[in-house]
Amino acid sequence: MVKGSPLLAASFAAMALALAALFVLAVRRTAPEPRRGRDTLLAAAGIGAWLALVGGAAAAGRLTFDGRPPTMMVLVAATVVLAVALGGSRVGGRIAAGVPLAALVGAQAFRLPLELMMHRAYTEGLMPVQMSYSGRNFDIVTGATALVVAALLAAGRMPRWGVAAWNVVGTLLLLNIMAVAVLSTPTPLRVFAGEPANVWIAAFPWVYLPAVMVPAALVGHILVFRRLRHERAAAASTPACERNVVLA
């Protein structure tokens with residue numbers, strides 16, 4: 001397998017650590033005061049253990065596509081399940097309600113530098129072209145527009161229907177690259193036959209792409225959906241006279 005440059009490897013590891021730290025900070029910000037310290041410690045321990053477990057398994061060569069079962073595909077499936085569970089959990093609900101909507105949207109801007117890193121991985125021979133923006137990956141659009149949407153929200157110039165539309169498009173673009181990645185793996189599901197196959201994600205630190213970056217994006221979209229639903233419910237429960245006063 002082709003090895004990536006030290007700078008690219010360091011960038012992947014740094015982004016994984018940054019996203020982990022962002023999660024811990026979000027938990028700390030939104031945890032109830034009596035449990036803030038405990039919840040923050042649990043969040044840090046949990047995400048730290050996940051990084052160590054996944055990174056250690058990849059570094060030891062335990063993640064493969066040809067085993068029975070293929071351990072890398074098991075990890076991918078487990079990661080998606082965990083991301084959906086976290087996004088729909090009480091912790092996810094507190095983050096969705098307690099973090100400003102502009103910040104929830106703006107956090108998705110990490111996908112802009114991530115896509116640049118992935119394109120670099122393609123040019124270095126690590127990743128198949130279809131997983132880059134030179135191929136079938138358009139997720140860079142989500143990262144770039146997240147900055148614009150977040151700025152408009154902060155300025156009070158972005159309607160909620162616009163945020164919902166952006167979130168739907170971003171989710172679809174994420175699902176697109178997830179599908180392309182799976183269909184590029186050396187398994188019976190493979191559709192894209194060009195080389196290299198998508199095996200680089202089973203090695204360290206590239207494993208953090210499916211184990212940290214993808215679930216971070218997925219959780220982020222779930223949280224935005226939950227925040228928008230919360231705001232709609234709050235608006236529906238507000239008496240019409242109060243809504244008229246606010247509008248006036």
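Mentor: Let us begin with Trp200, which counts as buried because its relative accessibility is 0%, and buried means under 20% relative accessible area, exposed over 50% and partly exposed in between, with a 1.4 Å probe and protein chains only. The model is predicted, so local features need pLDDT of at least 70 and side-chain atom pairs count only at pLDDT 80 or more, while totals for chains, interfaces and linings use all residues. Residues are numbered from 1 along each chain as its sequence is written, and side-chain values use heavy atoms, with hydrogens and water left out.

Trainee: Why is Phe204 called partly exposed, and what makes Tyr208 count as buried?

Mentor: Phe204 has a relative accessible area of 43%, so it is partly exposed. Tyr208 is at 8% relative accessibility and therefore counts as buried.

Trainee: Why is the pair of Phe204 and Tyr208 edge-to-face?

Mentor: Rings of Phe, Tyr and Trp (its six-membered ring) pair if their centres lie within 6.5 Å; planes under 30 degrees apart count as stacked, over 60 as edge-to-face and the rest as tilted. The ring centres of Phe204 and Tyr208 are 5.8 Å apart and the planes stand at 75°, so the pair is edge-to-face.

Trainee: How many aromatic pairs are found in the whole structure, and what makes the pair of Phe12 and Trp200 edge-to-face?

Mentor: The search finds four aromatic pairs. Phe12 and Trp200 form one that is edge-to-face, at 5.8 Å centre to centre with 80° between the planes. Phe12 lies in helix 1 (residues 6-30) and Trp200 in the loop between helix 8 (160-182) and helix 9, so this pair ties together parts that are 188 residues apart in sequence. Helices (H or I, at least four residues) are DSSP runs, numbered from the N terminus.

Trainee: How do you know that Phe12 is buried, and which residues does Phe12 touch?

Mentor: Phe12 is at 0% relative accessibility and so counts as buried. Its contacts (heavy atoms within 4.5 Å) include Leu114, Met117, Trp206 and Met213, not counting residues up to four places away in sequence.

Trainee: What makes a set of residues a nonpolar core, and how many residues has the largest one?

Mentor: A nonpolar core is a set of buried Ala, Val, Leu, Ile, Met, Phe, Trp, Tyr and Cys residues joined through side-chain atoms within 4.5 Å. The largest has 67 residues, and Phe12 and Trp200 are among those with the most contacts inside it. Helix 9 (residues 208-237) gives the most to this core, with 12 residues.

Technical notes
Helices (H or I, at least four residues) and strands (E, at least two) are DSSP runs, numbered from the N terminus.
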